[in-house]
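Please open the model in your viewer and keep the sequence panel beside it, so that each selection can be followed in both.

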Number of protein chains: 2
Amino acid sequence: MTSGRVTIADVARRAGVSTAAVSKVVRGAYGVSAEMQAKVTQAIDELGYRPHAAARALRGRTYTLGVMLSDTRNPFFPDIIEGVTDRLGDTEYQVLLGPGGIEPKTQARMTDAMIDRSMDGLILISPVMTDAELTAIATATPVVVVGRHGGAAAYDAVVDDDVMGARLVVDHLVGLGHTRISHITHLERARAQGLPHTVRAEGYRQAMRAHGLADDVLATSFTEVGGFEGARELLARADRPTAIFAGADIAALGVLRAADEAGLSVPEDLSVAGYDNIGIASLKRISLTSVDQDGHVIGATAARLLVERIEGRTRSVTSSVSPTLIVRGTTGRPRP
Amino acid sequence: MTSGRVTIADVARRAGVSTAAVSKVVRGAYGVSAEMQAKVTQAIDELGYRPHAAARALRGRTYTLGVMLSDTRNPFFPDIIEGVTDRLGDTEYQVLLGPGGIEPKTQARMTDAMIDRSMDGLILISPVMTDAELTAIATATPVVVVGRHGGAAAYDAVVDDDVMGARLVVDHLVGLGHTRISHITHLERARAQGLPHTVRAEGYRQAMRAHGLADDVLATSFTEVGGFEGARELLARADRPTAIFAGADIAALGVLRAADEAGLSVPEDLSVAGYDNIGIASLKRISLTSVDQDGHVIGATAARLLVERIEGRTRSVTSSVSPTLIVRGTTGRPRP
DNA sequence: GTCTTCGTGTAGAACGTTCTCCATTGGTAG
DNA sequence: CTACCAATGGAGAACGTTCTACACGAAGAC
């Protein structure tokens with residue numbers, strides 16, 4: 001099978017030097033003459049040599065970074081991934097994605113698998129696990145956590161300022177004249193803290209209080225169905241809200257469907273706002289008011305922090321990205 | 001860094017046996033007594049030993065399967081991935097995804113990287129490369145190609161019957177009374193053959209011919225913008241089509257936007273159909289008529305074929321999945 | 001001239017597995 | 001009682017790298 005593989009020994013033989021010398025050239029290490037450099041690179045090119053990452057793993061780097069995805073379906077992830085790969089495009093690092101699933105158990109299995117494959121570092125996107133578990137992982141390998149607030153000392157964190165994002169939405173809706181504004185959030189089974197939806201819900205509560213309004217939070221799930229069912233419940237009430245702020249755009253899409261089915265027109269009868277500003281939100285047919293997180297920047301920042309940490313930084317860093325509100329057609333003045 | 005790692009030697013010491021014996025137990029190999037089995041598994045549990053995949057790579061399996069994604073943004077991929085992981089869930093194999101990008105160059109780089117990391121097998125989703133390149137990869141490691149027609153002998157293939165899918169759409173539109181039906185396809189820069197969009201376009205042509213109608217294919221790209229610009233061009237014509245069949249749902253969404261901006265109502269002035277039946281297509285607000293591929297089945301089939309091939313099958317297999325047409329609100333009778 | 005020092009190259013031991021022999025044991029056929 | 005065999009466990013060589021020593025020569029300092 002691997003019969004055809006060109007090894008470092010082949011290159012060394014061809015160039016008439018030792019394998020150690022070839023290794024130095026490949027790694028750009030100290031102590032190589034210009035002549036040696038030339039000889040070896042020529043041999044490498046002639047033979048088409050590529051270092052065997054798995055073999056490297058046993059001694060040094062693998063030049064592999066892992067990104068654990070908690071939910072492959074979330075349309076917001078591609079932005080982050082693109083940010084990561086763009087940032088890493090001209091480096092030697094390769095990015096591999098691990099579908100971790102929604103369950104804490106499967107996520108733990110995936111991170112273990114990544115560590116077992118000696119990845120040089122891990123980016124965990126909205127991981128659902130305790131701080132203790134997170135710290136345990138971070139002692140085994142450099143870690144950057146995306147989307148969880150209150151990061152610990154052992155790892156870096158990149159977060160969206162979710163409190164601010166929620167406030168932007170509430171301020172906007174109140175500015176339009178709404179007073180009965182409900183919030184749909186995600187119900188978490190695990191004991192993880194500082195997850196985006198929790199913080200968004202808290203930001204929503206704070207903002208409502210600041211305006212002297214009563215808050216109303218309903219927990220379903222961040223899926224189209226979750227948004228649909230949550231909205232159906234809210235809209236069935238006698239004093240139904242005039243605006244619904246969903247903690248994620250996918251859920252907001254479900255809210256829109258519920259409004260359609262209930263025969264309510266948006267935004268006249270009901271204003272709807274989401275969070276994440278996913279691609280579809282900008283489609284004329286949807287035109288969803290949403291909070292934009294700039295996933296590209298988040299991904300690029302995570303990649304930068306991870307490489308820094310791999311290359312020696314030990315002091316922990318938390319980077320916060322400010323969201324912006326994108327006002328579109330699903331929010332407007334309530335009927336008097 | 002890796003100081004804390006429990007190795008096979010630790011387990012062997014603890015159980016009072018040789019490392020070779022532990023290896024046998026771990027792999028479930030032949031020649032282990034019940035007693036040995038018990039001793040070793042106990043030691044493994046006590047120490048929390050997990051085999052180091054990178055070290056394994058040097059001699060045997062890595063139990064890692066790679067899935068190369070040609071485009072992370074395509075909302076159809078999560079279905080395939082879920083099919084793969086579901087199928088592999090209770091096996092020892094781990095799935096890692098490689099964002100290969102749209103460029104042939106970056107895709108080649110990614111497949112190389114996966115081979116260098118000694119993955120046991122690769123699933124390539126709509127790879128953009130020549131058959132020769134594909135065959136070269138397939139000689140290095142087991143390969144299953146998803147979404148490319150006309151697979152070669154060196155690898156397995158899972159394809160959607162795109163000719164049939166295109167015919168379903170055309171038949172449906174003709175049945176409604178349309179005669180001027182245009183098709184938007186994806187313009188390929190590379191010399192790859194048998195890609196889905198090519199086959200869909202060909203299926204469209206065949207079906208139109210079968211109905212005695214003139215075909216009209218416009219090549220832009222399978223993106224929202226691609227669909228938008230293509231539709232804008234088509235709708236600016238004097239004898240503009242009464243129906244547009246986009247080769248992918250994302251492009252169809254762009255077509256809808258173009259229709260909105262042109263002040264055309266759907267489906268009265270323009271019928272629109274897509275391909276892939278992505279999640280959003282079923283939203284009331286979109287309600288896009290589309291061809292459903294059952295990505296879950298495709299992914300699961302690909303995973304099954306790959307494992308079979310890894311475990312010894314050499315005869316090449318091509319599995320074809322039949323699509324179904326999901327009729328929704330964006331298609332209807334043309335104005336007389 | 002001898003002693004350092006520096007720059008360059010190499011030998012050879014890791015790294016954590018798997019896998020091919022080989023040795024030992026106990027049982028059974030003759 | 002011998003000869004053979006099957007079943008089990010172990011020794012030790014791979015696998016393809018990196019990395020720590022160290023050797024060697026040239027150049028400079030005294």
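Predicted model: local features only at pLDDT ≥ 70, side-chain atom pairs only at ≥ 80, totals over all residues.

Residues are numbered from 1 along each chain as its sequence is written, chains are lettered from A and ligands numbered from 1 in the order in which they are written, and side-chain values use heavy atoms, with hydrogens and water left out.

**A helix pair in chain B**

Select helix H1 (residues 8-15) and helix H3 (residues 34-47) of chain B, whose axes come within 9 Å and cross at roughly 120°; helices here are DSSP runs of H or I with at least four residues, and strands are runs of E with at least two, numbered from the N terminus. The axes are lines fitted to C-alpha atoms over the stretch in contact, with angles from 0 to 180 degrees between N-to-C directions. H1(B) is therefore oblique to H3(B), since angles under 35 degrees count as roughly parallel, over 145 as roughly antiparallel, 65 to 115 as roughly perpendicular and the rest as oblique. Now show the side chains of B:Asp10, B:Val11, B:Arg14 and B:Ala15 on H1(B), which meet H3(B) residues including B:Val40 and B:Ile44, where contact means heavy atoms within 4.5 Å.

**The nonpolar cores**

Next select A:Ile123 and B:Ile123, the residues with the most contacts inside the largest nonpolar core, which has 108 residues. Such a core is a set of buried Ala, Val, Leu, Ile, Met, Phe, Trp, Tyr and Cys residues joined through side-chain atoms within 4.5 Å, and buried means under 20% relative accessible area, exposed over 50% and partly exposed in between, with a 1.4 Å probe and protein chains only. A second, separate core of 30 residues includes A:Val145, B:Met110, B:Leu134 and B:Tyr155.

Move to A:Asp276 in strand S9 (residues 271-276) of chain A, which is buried at 6% relative accessibility. Leaving aside neighbours within four places in sequence, the contacts of A:Asp276 include A:Asn74, A:Arg200 and A:Asp292.

A:Asn277 is in the loop between S9 and strand S10 (289-292) of chain A; its phi is near 50°, a positive value in a residue other than glycine. In the loop between helix H11 (249-261) and S9 of chain A, select A:Pro267, which a cis peptide bond joins to A:Val266, with omega about 5°.
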